[in-house]
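Dear colleague,

Please find below the structure that I am handing over to you, together with its sequence. My findings follow directly after it.

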Amino acid sequence: MATATFRIWRGERGQGSFQDYSTEVSAGMVILDAVHQIQAEHAGDLAVRWNCKAGKCGSCSAEINGMPKLMCMTRLNSLPLDKPVTVEPMKAFPHMKDLVTDVSWNYEVKKRIPKFQPRKPDAQDGTWRIAPEDVDRVQEFRKCIECYLCQDVCHVLRDHHMHDEFIGPRFLVYTAALEMHPLDVGDRREELRRQFGVGLCNITKCCTKVCPESITITDNAIIPLKERVVDRFFDPLSKLFRVFSNSKQ
Amino acid sequence: MSQVDVPLVRAGFGETRRADNWWVQPLFVFLGLSTFIVYSTWAALQGQHFRFGPYLSPFYSPELFGSAEAWFGASPKWLPAWVTAAMLILWAPGGFRVTCYYYRGAYYKAFWADPPSCTVGEPRKKYLGERSFPLIIQNIHRYFLYLALIFLVLLAHDVWDALWFDGHFGIGVGTLVLLTNLLLLSSYTFGCHSFRHLVGGFRDRLAGRPVRKLAYDCVSCFNRRHMLFAWCSLFSVGFADLYVRLCSMGIWHDWRIF
């Protein structure tokens, strides 16, 4: 069995330092396995949030060698083990202890997004009819596991700390899922522009790159939302065209 | 808006714990775009060697003023002599590329380092994004799309013209160069995010509208390869100009296939 060194951030509330731990690694191990092994062997008080170990709960988000990743989905054979592997908490959220951050800001943001507003039922019994091809587009967004890696990698939140002006990629995806839903009749474009800060996204596609569910966040959610905002606020021609063509969503 | 009390730990410019060669991609984007900007500016300033036989360089198509084949004949007196036919038109396809969603993301990283790459520290503390002047102007992209679509028709006409050598049908290597350029530019333009929105993306329901649904699916297909076509078409349009230019200067010989 080979030995690898893991450089793990230890400390509380933003204060702390990296500490090196060496442990034996074997084929098939992921970062979370190594962290658990280090907990068992060297640091029983190492704080780490985890749950499913299957890439579906979104709990074990961290930064591995500088990139936001799920610890349970990052195989050691995908990393160079000749150098220490750095494992640190997400930087876009308040630090709590070791690898754990306080992501509750995200829950507050979600509450502010206007909820699903279905049209009147299609049938007498109060049910709706939806064509499969119409739900295909929003189905992709429902894969989100809310790991908040996209929020963490987004430079608007990570580097510029504009949490009060920008809801981040995760919630632009959530808004897109509502806005593009074939039953929804709500209009969130005013909020998208003024309060949710869709114009702050400068399309670096880092969110798409780190998404463990491979959601095409930028191309399929954020840019279509930007285009809808353009429809409403910046394109008098298309607005006029849709008024005269009586085009409805 | 919900606020968060995040300790303001800001990474310095270029600071990152990434172990990979994160700087390679922005460097290639910087070099690729810079090369194209320098070459296209130089070519646009030349005002000559843009025609060879039935071939017309895409940088000079349409030729509004200038030679005998120009749409409106010789340059009018009010037009300064240093203004070439390319300078009159290149702002349109140039504007389409500058405001393109793919290129925006690419040059914000490569030229503005905003950010240089994912999780790499930025040089500036202030950030405005695209919600205020000057970058709010990027929202004009769909208007440049309309112009780009017109240019595709004009370039298709140029390919048609490139099939006729002194009134006789024929195909030369130059014909294929112009045709390839047209196909790549079309693939790039038809994959535009704004085009995707306009053909169907603005609707929540496409069921029952088979033509619109087909158009949306086709554009989405091109859109998935938008970056690839952006680069291929950038290269092809530059190469098409270079080919016509070097043939016109007698440096390259245009092979007639039949």
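In this predicted model, the cover over the buried residues of helix 6 of chain A includes helix 2, helix 4 (149–153), helix 5, helix 7 (189–194), helix 8 and helix 9 of chain A. Helix 6 is largely enclosed by the rest of the structure, because 10 of its 12 residues are buried. Among them are the charged residues Arg170(A) and Glu179(A), as well as Phe171(A), Leu172(A), Val173(A) and Tyr174(A). The length of this helix (residues 168–179) also agrees with expectation: at 1.5 Å a residue it should span 16 Å, and its end C-alpha atoms are 16 Å apart.

From chain A, the core draws at least three residues from each of domain 1 (2–101) and domain 2 (104–244). In soluble globular proteins, nonpolar side chains tend to be buried together. As for Met71(A), its contacts beyond four places in sequence are Val30(A), Ile31(A), Leu32(A), Val35(A), Trp50(A), Cys60(A) and Ala62(A).

Where the two chains meet, 50 residues of chain A are in contact with 44 residues of chain B. On the side of chain A that touches chain B, two or more residues come from each of helix 2 (104–112), helix 3 (132–139), helix 5 (155–158), helix 8 (206–210) and helix 9 (217–233) of chain A. Helix 9 of chain A gives the most, with 7 residues. By residue type, this side of chain A divides into 19 nonpolar, 15 polar and 16 charged.

Turning to chain B, there are 9 helices and 4 strands, in the order α-β-β-α-α-α-α-β-β-α-α-α-α along the sequence. Of the 258 residues in chain B, 36% are buried. Its C-alpha atoms fill a box of roughly 75 × 50 × 40 Å along the principal axes. Among contacts in chain B between residues at least 6 apart in sequence, 70% join residues at least 24 apart. Helix 9 of chain B has 23 residues and should span 33 Å at 1.5 Å a residue, which agrees with the 32 Å between its end C-alpha atoms. Just after this helix, Gly250(B) takes a positive phi of about 80°.

Yours sincerely

Note on methods: Residues are numbered from 1 along each chain as its sequence is written. Chains are lettered from A and ligands numbered from 1 in the order in which they are written. Domain bounds come from an automatic or database domain assignment. Two residues are in contact if their C-beta atoms, placed from the backbone, lie within 7 Å. A residue is buried if 20 or more other C-beta atoms lie within 10 Å of its own, exposed if 12 or fewer, and partly exposed in between; C-beta atoms are placed from the backbone. The expected span of a helix is 1.5 Å times one less than its number of residues.
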